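This briefing covers a sheet, a helix pair and a group of aromatic rings. The sequence and structure come first, followed by notes grouped by topic.

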Amino acid sequence: MASAPISVEIRAYQVGFGDCFLVSFVYPQEKKRHVLIDFGTTALPKRGSKTVKPSEHLPRIAEHIKGVCGGELTAVIATHRHADHISGFATDGRSGGSGKVIAACKPKVVLQPWTEDPDAARDARAATRDTSRSPKSYLASLAAMHRLAGHALALALDPPKSMSASVAKQLAFLGEDNIRNRSAVENLMAMGRRRGAKAVWAHHGSSAGLQRLLPGVKVRVLGPPTLAQTEKIRKMRSSDPDEFWQLLGSARGLRGMGVAEVRRGGAAAAGKTVPVEARWFRDRIADLSAQQLLEIVRVLDDQMNNTSLILLFEVGKKKLLFPGDAQIENWSWALQDAPDAAKTRKLLAQVDFYKVGHHGSRNATPRQLLWENFAKRGAVPERMKTALSTLKGKHGTKSRKTEVPRTTLLDALERETQLLNTEEISLAAGSEPFELHTIDL
Ligand SMILES: [Zn+2]
């Protein structure tokens, strides 16, 4: 193996509302090393008048990935636990078993954020040495909120008369995205436990575990921070913290569920049946106004997004930035509050490729801290490349300026970068399910 790649191929797959990127480092003599970053969807586009089914489409993409990588993945990266980033790793019928195809490519490293470390639920050492900040309860609350999402979804699927259709639709969407995708989570764990493989749970400043596997590539983990680094990821600027913590208190009282417990048995909450022990909780939820419930589920959604890995690949003189769905609190640690924030901003000014955060939503590409700091926008010789994986009409509304992708951001991306937008990838018969950016080094 040569010591450094000569180019990088980035394939953005058409997964509708979700992310799926295959990053291939090309070494001399056509030798390649492949890293899969996320593989999931919560809504697929139509083919003609028919909506494409995940159980048919995800295996097609998995087989394509297997073909490109010759059945060998160097690493699988799951930036965070939302279904639109991991549902393709599931091995059950809903994904058409696409996760089995990926597992057969035997990734040598499975990289996830520290909040996914199963040991952290029982013993916080791996997450942070500072147990006084209680990451355990933070993780338990993420897990408990997953159950809440399941109940919200159940309610949205069988809405009371008082609930408007639009609220029910938004609730169903957010609920679906947040419930644990047990099969996918288990497959990620199993891939990391395979003999010869390594599971890595990373945080700001930690190793991504890829050093020896990707010669000539430096991978920096910029996010998420641990709670010892900052408490800010617990809270969201654009939400109602009172409502949030009040609810968290109740949720914790719900038999003190831990991550492991939910992992073993809790994923069924997505069905229409509510577990007996949670019925009182369901009734409390039903008492909340639909708007309040929606607000709470949004907070949950945001908080999970803030557990996203933010990764910077430095290869040759090029810099490639993959931030998952990280939102402002996660970014602001890396770019503003961390001891090395000035250095990070300087590095990111030179980014050559940016995977647009959170499907182009308004709060995942911080305008001043990140966007305006990108030097290679606009009329420059080597204009930066960007990739946006999204599906219009699923999230937010234009009148509230919350539509995803946000029009103003999309305009700027089109105007000032070489944008690859997965919405433009056709699923018509005979067409390829991906679009390619090549970065020459
Ligand atoms: Zn997402």
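Is Phe313 buried or exposed? Phe313 is buried, because its relative accessible area is 0%, and a residue counts as buried under 20%. The model is a predicted one.

**Aromatic rings**

- The whole structure contains 8 aromatic pairs.
- One of them joins Phe25 and Phe313, with ring centres 6.0 Å apart and 40 degrees between the planes, a tilted arrangement.
- Phe322 sits in strand 11 (residues 318-322) and Phe353 in strand 12 (residues 353-355), so the pair ties together parts 31 residues apart in sequence.
- Phe322 is buried, with a relative accessible area of 2%, and Phe353 is buried, with a value of 0%.
- Phe21, Phe25, Phe313, Phe322 and Phe353 make up one aromatic cluster.

- Seven strands form an open sheet of mixed pairing, in the order 8-7-6-3-2-1-15.
- Its edges are strand 8 (198-202) and strand 15 (434-440), each of which pairs on one side only.
- From one strand to the next, the twist averages 20 degrees.
- Within the sheet, strand 1 (residues 7-13) pairs with strand 2 (residues 20-27) in the antiparallel sense, over 6 bridges.
- Ile10 has Val23 of strand 2 as its bridge partner.
- Helix 7 (residues 182-193) packs on the sheet and touches strand 6 (75-77), strand 7 (109-113) and strand 8.
- The direction of helix 7 makes about 130 degrees with that of strand 7.

**Helix 12 and helix 13**

- Two packed helices are described by the angle and the distance between their axes.
- For helix 12 (residues 328-337) and helix 13 (residues 341-348), the axes come within 6 Å and cross at roughly 100 degrees.
- Angles of 65 to 115 degrees count as roughly perpendicular, and helix 12 and helix 13 are therefore roughly perpendicular to each other.
- Helix 12 contributes Trp331, Ala334, Leu335, Gln336 and Asp337 to the contact, while helix 13 contributes Ala341, Thr344, Arg345 and Leu348.
- By class, the contact of helix 12 with helix 13 has 5 nonpolar, 2 polar and 2 charged residues.

Technical notes. Residues numbered from 1 in each chain as written. Predicted model: local features only at pLDDT ≥ 70, side-chain atom pairs only at ≥ 80, totals over all residues. Heavy atoms only, no water. Pairing = 2+ DSSP bridges. Helix = DSSP H or I, 4+ residues; strand = E, 2+ residues; numbered from the N terminus. Axes fitted to C-alpha atoms, helices over the stretch in contact; angles between N-to-C directions. Contact = heavy atoms within 4.5 Å. Parallel < 35°, antiparallel > 145°, perpendicular 65-115°, else oblique. Nonpolar A, V, L, I, M, F, W, Y, C, P; charged D, E, K, R; others polar. Phe/Tyr/Trp six-rings, centres within 6.5 Å; stacked < 30°, edge-to-face > 60°. Buried < 20%, exposed > 50% of the residue type's maximum accessible area, 1.4 Å probe, protein only.
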